[in-house]
Each structure stands twice: as structure tokens, then as C-alpha cells.
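Biologist: Could you take me through one part of this model in some detail? I'd like to hear about the place where the two chains come together, and what sits there.

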2 protein chains.
Amino acid sequence: MIRAMIGFLMRLPHNSVNTVSVQPRADDGVYLRLIPGALMTRQLQKPEILNVEAVARSRLFTVEAVDLAFSNGARRVYERMRPSGREAVMIVPIIDNHLILIQEYAVGLESYELGFPKGLIDPGETPFEAANRELKEEAGFGAHQLEQLGKLTMAPSYFSSQMNIVVAEDLYLEKLEGDEPEPLPQVHWPLDNLLALLDEPDFREARNVSALFLVREWLVKQGRLSY
Amino acid sequence: MIRAMIGFLMRLPHNSVNTVSVQPRADDGVYLRLIPGALMTRQLQKPEILNVEAVARSRLFTVEAVDLAFSNGARRVYERMRPSGREAVMIVPIIDNHLILIQEYAVGLESYELGFPKGLIDPGETPFEAANRELKEEAGFGAHQLEQLGKLTMAPSYFSSQMNIVVAEDLYLEKLEGDEPEPLPQVHWPLDNLLALLDEPDFREARNVSALFLVREWLVKQGRLSY
């Protein structure tokens with residue numbers, strides 16, 4: 001049980017007006033202080049990076065030990081994967097009121113997983129060019145229409161990974177050779193039952209789940225889908 | 001342009017009846033074959049794991065090279081992080097019609113990120129016990145009511161990570177000491193404007209984004225929130 005006063009911060013959504021009501025509560029004799037908008041002006045002081053050292057290296061991965069001094073004086077050594085600087089792209093292809101998903105073997109889970117086509121952005125490529133290339137390699141389609149829905153990170157305590165989510169429409173048949181060891185079976189999923197995908201045990205990767213919800217919001221906003 | 005016939009698979013949602021209409025299309029002279037329900041019975045044959053070898057090791061990470069023989073005869077060596085067998089838990093705490101989020105330094109991105117409390121499940125703990133402990137350590141609350149919303153993976157081509165998403169309500173003040181180097185500032189976000197969180201540049205981690213959408217669905221289903 002804490003006895004000291006706890007400070008809570010309330011961040012106001014960008015598109016809201018500053019009228020959040022502050023309701024002091026007394027639970028267990030402790031006063032909770034809600035400070036509307038406080039965080040908008042408060043700057044967190046980043047720890048200082050004192051040293052970065054590669055401590056393990058494989059063909060694909062380099063692990064770095066990062067020596068950190070926090071603003072309160074605490075010192076820690078954190079490990080992370082060396083940032084590559086290369087972003088990735090995940091494509092949500094829509095055809096005939098269906099999403100196109102692929103099935104790919106994932107050795108991390110030792111199972112076939114259902115998800116959207118994806119891949120790294122090659123040097124010199126825009127996210128849309130990469131999206132179109134990966135779509136051709138992994139699904140056998142190009143897209144005349146591409147739109148970015150957002151950018152997602154993954155476990156940023158360890159990784160710098162950034163994944164651009166791109167919806168692809170107005171598709172045409174075009175296959176490029178990728179580096180996949182076997183053809184990727186496709187699943188076409190009806191837009192009018194999108195969330196049923198969440199019941200599929202092989203569809204549970206966080207970026208895929210986020211992309212599913214993001215495309216749903218996008219379709220609803222356009223009046224092409226209702227909740 | 002492909003000239004061969006492409007086989008597409010259409011998976012039926014578990015809760016739908018088998019009435020998906022099949023619409024053969026002719027684009028660019030190529031016939032697309034939609035096979036309703038085909039995937040429900042089709043078994044993908046997993047590649048055989050011929051060898052697993054640790055190729056790099058740091059304090060936290062062990063990289064493995066996995067020698068694979070795919071069912072079509074293709075051979076590949078994939079790298080992955082050694083599976084730890086330990087699952088994690090992410091807690092979505094609700095208090096006074098607000099979500100509780102924390103701000104934590106993420107050395108992968110070298111920035112403070114906004115997200116839900118989370119942590120590994122200790123040996124012997126249930127996901128709910130771990131959720132309650134992490135909530136006490138990272139946010140200074142315990143919860144009388146916990147409910148699991150789902151389980152998410154992350155980049156399963158490389159990781160075996162499994163994150164249980166748990167909503168926590170009926171909170172009471174209780175602080176446990178965690179191993180954080182500095183206190184974690186909190187942000188309380190109003191339930192009636194949940195999706196505005198997606199406009200915050202420091203809220204973009206895929207498991208957090210998924211958890212936000214999952215808790216929204218859960219609240220809507222209960223009639224506590226409308227879209």
C-alpha cells in the first residue's frame with residue numbers, strides 16, 4: 001500500500017477541447033491527482049547513452065549492449081538489436097470485397113501463420129514501390145492504388161523496427177520472383193466479416209491484428225463498411 | 001504477367017455458413033479459381049527441422065540457425081531467437097472511464113514510448129497473477145477484476161514471443177517495487193475518445209495498438225461504449 005501522494009498525468013487528445021473533468025478520489029486514504037493537459041508541456045529527459053558495444057553477431061542479427069545514465073542518476077546496461085535503418089512495409093490487399101492474406105512458415109513458432117504480405121523496403125525504394133514489389137512477389141498482384149494507413153513499431157525496448165501499413169486496391173495480375181522457398185497459399189477473407197479473422201488461431205501477429213483494425217476503420221470512414 | 005492458372009483459397013470464418021459465392025473472374029486472360037472452404041481441410045506440410053544450432057549469444061539473446069527442408073525439397077537456413085518458453089502479459093487498466101498508460105524509455109527507438117504496462121510471466125505464475133504483479137510494479141494499482149482479451153505474437157518468423165492481453169478493472173492502490181530505473185509517468189486516457197490515441201506519435205507499438213482495438217471491441221460488446 002502506498003502512502004505518498006501519487007501524481008497522475010492526463011493527456012488530452014489532440015482533437016479534444018480542454019474540458020476533461022478532474023475528479024479527485026479518495027481510495028484507501030490516498031488522494032489521486034489528475035492534471036489535465038500536464039503532459040503536453042512536460043518534457044521527459046532522455047537517458048544519456050554513454051556507450052554502445054556489439055556483444056553478439058550472427059548472419060542476420062547484431063546484439064548491442066547500451067550503457068545508459070538516466071536523468072535521476074540510475075545506470076543500466078540494456079541490450080537491443082542494432083538498428084538497421086531500413087523500414088518495412090505490410091500490404092493489405094483488397095480485391096472483390098475480400099482481403100488477400102498469405103500463409104507462410106514461421107520458424108519462430110514452427111507453424112504456418114496467416115498474415116498480410118510484407119517485406120523490407122529496399123534502398124532507394126519508396127514505401128509504395130516496396131509495397132507493390134512485395135505484393136507482386138508474395139501474392140502475384142500489382143496495385144494501381146496504394147494508401148498508407150499508419151506506421152507501427154514492435155517491442156521498441158529491443159528493436160527499432162518500423163512497419164508501414166499500406167492498403168492496396170485496383171489490383172492487376174503480375175508475378176515477380178521472390179526469395180520464398182515455396183509458393184505462398186492465399187486466403188481471401190470477406191470484408192463483411194473482418195473481425196472473424198481474430199478467431200483464427202494462426203492469425204494473431206500484432207502487426208497483422210493492428211492492420212486488420214486499421215483497414216476496418218479506414219473502410220468505415222469511407223462509408224464502404226459498417227460496424 | 002503470369003500465364004499459368006493460380007489457385008486461390010477462401011477460408012470460411014468459423015461462425016459463417018458455407019454460402020460464400022464463388023465468382024470466377026477473367027482478368028488479363030487468367031482465370032482465378034476461388035475454392036470456398038478448401039483450406040479448412042487442406043493441411044500444409046511443415047518443413048522438417050534438420051538441425052538447430054546456437055550461432056550467437058549475449059546476456060539476453062541467443063540466436064539460433066535452423067536448417068530446414070521444405071516439403072518441396074527446398075533447403076534453407078533460417079535464423080531465429082531461441083524460444084524462451086516464457087509468455088508475457090500486457091495489462092489494459094481501466095479506472096474512472098479512463099485507460100491507464102505509462103511512459104517508458106525504449107532504447108530500441110531511443111525515445112519515450114506510451115503504452116500499457118507489461119512484463120514476463122514468472123515461473124509458477126498464472127497470466128492473471130503476472131498481470132496483477134506487473135500492474136502493481138509499473139502503475140501502483142492492483143485489480144480485483146481481470147479478463148483476458150486475447151494472445152498476440154510478434155514477428156513469428158524470428159520470435160516465439162506470446163503476449164497475453166488482460167483488461168484490469170476494479171482497481172485498488174498497491175505499489176510493488178519493480179526493477180525500473182526511474183518512476184514511470186502515467187497518462188489517463190478517456191474511453192470516449194479511445195482512437196485519438198492513434199494520433200499520438202509515441203503510441204504506435206503493434207501490441208499496444210492491437211490491445212487498444214481489442215479493449216474497444218470488448219467495451220462495445222458490453223454496451224459500455226459505442227463506436
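Modeller: Here's a walk through the interface, ending on one helix. Keep in mind that this is a predicted model.

Start with the overall picture. On the chain B side, 107 residues are in contact with 107 residues of chain A. Together the two chains bury about 9300 Å², and 63% of that is on carbon and sulfur atoms. As for polar links, there are 41 residue pairs in polar contact between chain B and chain A, counting pairs with both residues at pLDDT 80 or more. The salt bridges between the chains come to four. One of them joins the side chains of Glu217(A) and Arg216(B), with N to O at 2.8 Å.

So who supplies the chain B side? Helix H3 of chain B, residues 206-221, gives the largest share of the side touching chain A, with eight residues. Over that whole side of chain B, the residues split into 60 nonpolar, 28 charged and 19 polar.

Now zoom in on H3(B). After the helix comes Gly223(B), with a positive phi near 75 degrees.

Technical notes:
Residues numbered from 1 in each chain as written. Chains lettered and ligands numbered in written order. Predicted model: local features only at pLDDT ≥ 70, side-chain atom pairs only at ≥ 80, totals over all residues. Heavy atoms only, no water. Contact = heavy atoms within 4.5 Å. Buried area = accessible area lost by both parts, 1.4 Å probe. Polar contact = N/O pair within 3.5 Å; in protein donor to acceptor, adjacent residues only side chain to side chain. Helix = DSSP H or I, 4+ residues; strand = E, 2+ residues; numbered from the N terminus. Nonpolar A, V, L, I, M, F, W, Y, C, P; charged D, E, K, R; others polar.
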